[in-house]
Amino acid sequence: MLTKRIVPCLDIKDGRTVKGVNFVNLRDAGDPVELAAIYSEQGADELVFLDITATGDGRKTTAELVEKVAEKVNIPFTVGGGIKSVEDVYTLLHRGADKISINSWAVKEPKVLDELAAQFGSQCVVLAVDAKQIDGNWKVHLVGGKVPTEIDLFDWVREAESRGAGEILFTSMDHDGSKAGFANEALAKMSDMVNIPIIASGGAGSIQDFADTFVHGKADAALAASVFHFKEIEIPTLKQELKSQGIAMRI
Amino acid sequence: MSKVVIIDYGAGNVRSVKFALERMGITPMLSRDAPEIQSADKIIFPGVGEASSSMKALENYGLIEVIQNAKQPFLGICLGMQMMCESSEENNTQGLGIFPLPVKLFAGGAVKVPHMGWNQIEALKTPIFNGLEEKEYMYFVHSYYVPDSEWTIAKASYPTPFSAALHKDNFYGCQFHPEKSGTFGQQILKNFIEM
């Protein structure tokens, strides 16, 4: 049976992990390669690296980092953040990323989804979308959720699927950082609407939040950062508990 | 030490396969050169992408017959395995015909397509699975599948039963990505290399 996936997310700046990470057994808490290897050993099903570097030099560092991760880690990983050309995508995939995620670029130029799917295959094209509710309607937001658009979340996700996105990474800005659970109602609606996998993001605070997003949110995968980085939730415990609740997990 | 060649015809996961072998202390050669491939002790045929353009790439590099006539242990991965079959519904592509089997599209609606993530393999046959238990998890990402057959040496289901791995003579194929399937995937690559 296909399992649900647990996906730790690492924010990267200039080739280093940002956001406090408190792994006592980590020699270098800022080394994304070492952190990735630890998550992989703990049973993470996949990893996401979000590059928040602004400068060109920093982006080059990211490409080098991707290669180091690919050398060391034997589970799939996605790289996203600031990708804005086919050349960027080629570089990251060629260096060893399994998938890339694009966000603002796709909103500004939706046809890039068609181009990337045709050139590299849908399986490696993840559409990341940040959204929050305005007057009860889910609207797509840009620049890390800071800039609202008029675009309806569900219309956009449906369009992205038809253009060739192979997976959706949906972050609810209403839930992100709240630790009060994922946006399960919106996730379930999205899951019924499209026929590609959906990664839930934003709101993980407890083991039950993960169970709820898989059962009620119909999510295929759940992404979280701080609960893993700060060891509030340990991946082996999380997966055991979810399995005991009848959720398909790779243990 | 045996010479391992990864056929480098532009498939996306060449690097990942190379890194996986390097983690085992093996330095593979990446090549699209027929004599180089023919001189290998083991050949790995990776695949990520689309069937018809990948077949065209093989044709352009003059590798169709090189693959069909290979006598050494040969392992096709994912699209590599699918291309070793007779034909694919993916853009009605003629395959290499090593396995006289069709490649079909998962029917959407009931399940999400692509089949993406970790799924169990079972009914394991042949020493390529030495050291693995039944129902071990492997990482899959594909929209097309090869039905269960007499050449099937591992099965999976989504929920349609399909071939997770195939074997005929010196030819092996796996639908999942051993290079991305953790320590058990690594074990399969090791078993193949040690054949």
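In the predicted model, chain A and chain B bury about 2,500 Å² between them, 52% of it from carbon and sulfur atoms; buried area is the accessible area (1.4 Å probe) that two parts lose on being put together, summed over both. On the side of chain A, A:Leu2, A:Asn74 and A:Asn195 lose the most area to chain B, together 27% of what that side buries. The contact (heavy atoms within 4.5 Å) takes 36 residues from chain A and 29 residues from chain B.

Three salt bridges are found across the interface, a salt bridge being a side-chain nitrogen of Lys or Arg within 4 Å of a carboxyl oxygen of Asp or Glu. One salt bridge joins B:Lys112 to A:Asp220, with the closest N and O atoms 2.7 Å apart.

B:Val4 has B:Lys42 as its bridge partner in β3(B). Strand β4 (residues 74-77) of chain B also runs parallel to β3(B), joined by three bridges, and B:Gly76 in β4(B) stands opposite B:Phe45.

Residues are numbered from 1 along each chain as its sequence is written, and chains are lettered from A in the order in which they are written. Local features need pLDDT of at least 70, side-chain atom pairs count only at pLDDT 80 or more, and totals for chains, interfaces and linings use all residues; side-chain values use heavy atoms, with hydrogens and water left out.

How values were computed
Two strands pair if DSSP finds at least two bridges between them. Helices (H or I, at least four residues) and strands (E, at least two) are DSSP runs, numbered from the N terminus.
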